[in-house]
Amino acid sequence: MRSTLTFTIFLITILPHVIIVQGQSFSPFSSALQTLQKQIGYNFTNLNLLRRAMTHASFSEENNKAFSIVGATIIESTVSFNLLSKDIDISAKELNRKLSLISNVDSSCAVDAMNLGLHKVVRVSPKTNTSSTAVVCGAFRSIFAAIAIDKGNTDSAGNVFLNVHGRDLGVYAAM
Ligand SMILES: *[C@@H]1O[C@H](CO)[C@@H](O)[C@H](O)[C@H]1NC(C)=O
Ligand SMILES: *[C@@H]1O[C@H](CO)[C@@H](O)[C@H](O)[C@H]1NC(C)=O
């Protein structure tokens, strides 16, 4: 009788944990997505878009490959628009130089990605290095495509980029 009671208490104690661990919305990945939304200051209407942005091609057919291409163009157009707004006489050469710095995988987007801790969030196959610049930059860029699709425009995505990267559009020293 006593052992039955002990077992019942054990079950009552353990069951909620089992349910929470199995529940999709309480998985470590899902809670990482919640944290990421706080970090970037944007709440998704459709969280599946952020889920996809944080999924590398090595992990699933539903991945961020196309997102990362669109995200890169959003970053480029946001940065060019900003530079041109600040200095309407900026030379093509200077604009291109600044654009290539900000698009640079090693000096810029990997730093932004690591600051957000994306290497701890992005889902990859066991053989893939989550800290490689290609993986973290792909995930970082994909965030902005995901926001654009979520919002139905690219402006919000550009603003989130400026908030995350810094509105001075500075670039970091090479890693
Ligand atoms: C996102 O949602 C959280 C919780 O509902 C809220 O506290 C936060 O202000 C929201 N952030 C934005 C940028 O709307
Ligand atoms: C993963 O990539 C990072 C960044 O390129 C590198 O520093 C690290 O050594 C790599 N780790 C492994 C296990 O290859």
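Helices and their packing

Helix H7 passes helix H8 in a right-handed crossing (right-handed if the near helix is turned clockwise from the far one by less than a right angle, left-handed if anticlockwise). The model is predicted: local features need pLDDT of at least 70 and side-chain atom pairs count only at pLDDT 80 or more, while totals for chains, interfaces and linings use all residues. Residues are numbered from 1 along each chain as its sequence is written, with chains lettered from A and ligands numbered from 1 in the order in which they are written.

Two packed helices are described by the angle between their axes and the distance between the axes. H7 spans residues 133-151 and H8 residues 155-165; they pack at about 145°, with axes 7 Å apart (axes are lines fitted to C-alpha atoms over the stretch in contact, and angles run from 0 to 180 degrees between N-to-C directions). Phe144, Ile147, Ala148 and Lys151 of H7 meet Ser156, Ala157, Val160 and Phe161 of H8, a contact being C-beta atoms, placed from the backbone, within 7 Å. These residues comprise six nonpolar, one polar and one charged (nonpolar: Ala, Val, Leu, Ile, Met, Phe, Trp, Tyr, Cys and Pro; charged: Asp, Glu, Lys and Arg; polar: the others, Gly among them).

The protein as a whole has eight helices and zero strands, where helices (H or I, at least four residues) and strands (E, at least two) are DSSP runs numbered from the N terminus. Of its 175 residues, 27% are buried (20 or more other C-beta atoms, placed from the backbone, within 10 Å of its own; exposed, 12 or fewer; partly exposed, in between). Among contacts between residues at least 6 apart in sequence, 64% join residues at least 24 apart.

The contact involves Ala72, Ile75, Glu76, Val79, Ser80 and Leu83 of H4, together with Leu95, Lys98, Leu99, Ile102 and Ser103 of H5. By class, seven are nonpolar, two polar and two charged.

Leu95 lies in H5 and is partly exposed, with 15 other C-beta atoms within 10 Å. Leaving aside neighbours within four places in sequence, Leu95 is in contact with Ser80, Leu83 and Ile90. Leu95 and Ser80 are 15 residues apart along the chain, yet their C-alpha atoms are separated by 7.0 Å.

Technical notes:
Contact = placed C-beta atoms within 7 Å.
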